[in-house]
Amino acid sequence: MVKKKAKAKKVVAKKAVKKTTKKTTKKVAAKKVVAKKATKKVAKKVAKKVAKKVAKKVAKKAAPKKAPAKKIAVKKTLAKKGGDQLFDSLLELIRKTSAEIPGDIQKVILEALHREEKNTTAEYAMNIIKANIELAKKKSQPLCQDTGTILFYVSHPVGFNQTEFTKTVHKAVRKATEVGFLRQNSVDSLTGKNDSMNVGPGHPDIHFHEHKKNSVEIKLMLKGGGCENVGAQYSLPNQALGAGRDLDGVRKAILDCIVKAQGKGCGPGVLGVCIGGDRGAGYVQSKEQLLRKLDDENSVADLKKLEKDIVETANKLGIGPMGFGGKTTLLGCKIGTLNRLPASFFVSVSYMCWAYRRQGVSLKGDNSIAKWLY
Ligand code: SF4
């Protein structure tokens, strides 16, 4: 009996334990589910937060701040525009210089044509020159097959980047040659090889001058080879000419140059003259005189008188256009001076043919053309 009771107790106890275990297991499982759910929620929240943070960081790194991005873009555009704009302006300057005679020169040529006697070779030659000028302008083609030495004169403010400017000039000259505004006109002096692009040592020839203005002014001269050949330099005194070291000696030297050039150099011409300087500076200055307008007046009274006298005297020599005889040997004469050494007295003469190609532009801040100078 006692044994039976003990057995029954054991069974009850076992059942109770089982029940309790079941309950506990259920509870634990429920707790686990809750915990799992909670973990999931938290994980989701954390993941969201982290994802947001990461996304923000990535976004920050990938895209720079809005304002600087804009600045960089504008800067880049301006730089590109500025470079291209200078190239465009230079190309247009070359085209116009090559194809169009400036107004002050055309006016003097027409006046000379009207002065020539009718039905003479001189009148015929001047008429051809006139027709040539009109046709070149109309067709926007070079005025002469010899598009000459390319001479740039650049006046710029302090801080101007000459290196960058030179690069753009070379680019524009290459393009102008490619499209036919310029002839392939520059050869290696030893081999005679033509690089076919007009760019090489000394060509184009660029002269920089610093000035006090804020703007950049570019003048261009295309100087023919035929007329360059008849330029001359005199060292006074010159016994053969009876020319001393004074203005009368200068006059004799200039007239001698005109006589020797007759029939060559494609007259009627214009003379640029420099009294003084050394040999190199004298020639440079004589060419710069050709940048003056034909109708300007020399500010030095003696030189103004000499300029007028030279033109009048030359036109009485009977050499005429192309040396055919007639009344027009010279269209103008411009004289300047440079200091010299007491031991030297040079008179340098640069002769410009009737195809007097020079132009100039003043540039705006963005390198577009503000105005034409001739
Ligand atoms: S000298 Fe003048 S006009 Fe004569 S061929 Fe040369 S560029 Fe032409």
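**Overall architecture and local features of the predicted model**

In this predicted model, 76% of the contacts in the protein with a separation of 6 or more are accounted for by residues 24 or more positions apart. The secondary structure comprises nine helices and nine strands. Of the 374 residues in the protein, 34% are buried.

Four strands form an open sheet in the order β4-β7-β5-β6, and their pairing is mixed. From one strand to the next, the twist averages 15 degrees. Strand β5 (residues 269-276) runs parallel to β6, the two being joined over eight bridges. Within this pairing, Val270 lies opposite Gly332 of β6. Helix α7 (residues 247-261) packs on the sheet and touches β4, β5, β6 and β7 (346-352). The direction of α7 makes about 35 degrees with that of β7.

Helix α5 covers residues 162-179. The buried residues of α5 are Phe165, Thr168, Val169, Ala172, Val173, Ala176 and Thr177. In an α-helix there are 3.6 residues a turn, so residues three or four places apart point the same way. Just after α5, Gly180 adopts a positive phi of about 95 degrees.

Val216 is located in strand β3 (residues 216-223). With 21 other C-beta atoms within 10 Å, Val216 is classed as buried, because the cut-off for burial is 20 or more. When residues up to four places away in sequence are not counted, Val216 touches Val154, His156, Phe160 and Leu363. The C-alpha atoms of Val216 and Gly365 are separated by 8.6 Å, although these residues are 149 residues apart along the chain.

The surroundings of the ligand draw on several stretches of sequence. Cys144, Asp146 and Gly148 are among the residues that surround the ligand, as are Gly224, Gly225, Gly226 and Cys227. The shell also includes Gly265 and Cys266, together with Cys353 and Ala355. By residue class, this shell divides into five nonpolar, five polar and one charged.

Note on methods
Residues numbered from 1 in each chain as written. Predicted model: local features only at pLDDT ≥ 70, side-chain atom pairs only at ≥ 80, totals over all residues. Near = placed C-beta within 6 Å. Nonpolar A, V, L, I, M, F, W, Y, C, P; charged D, E, K, R; others polar. Buried ≥ 20, exposed ≤ 12 C-beta atoms within 10 Å, placed from the backbone. Contact = placed C-beta atoms within 7 Å. Expected span 1.5 Å × (residues − 1). Pairing = 2+ DSSP bridges. Axes fitted to C-alpha atoms, helices over the stretch in contact; angles between N-to-C directions.
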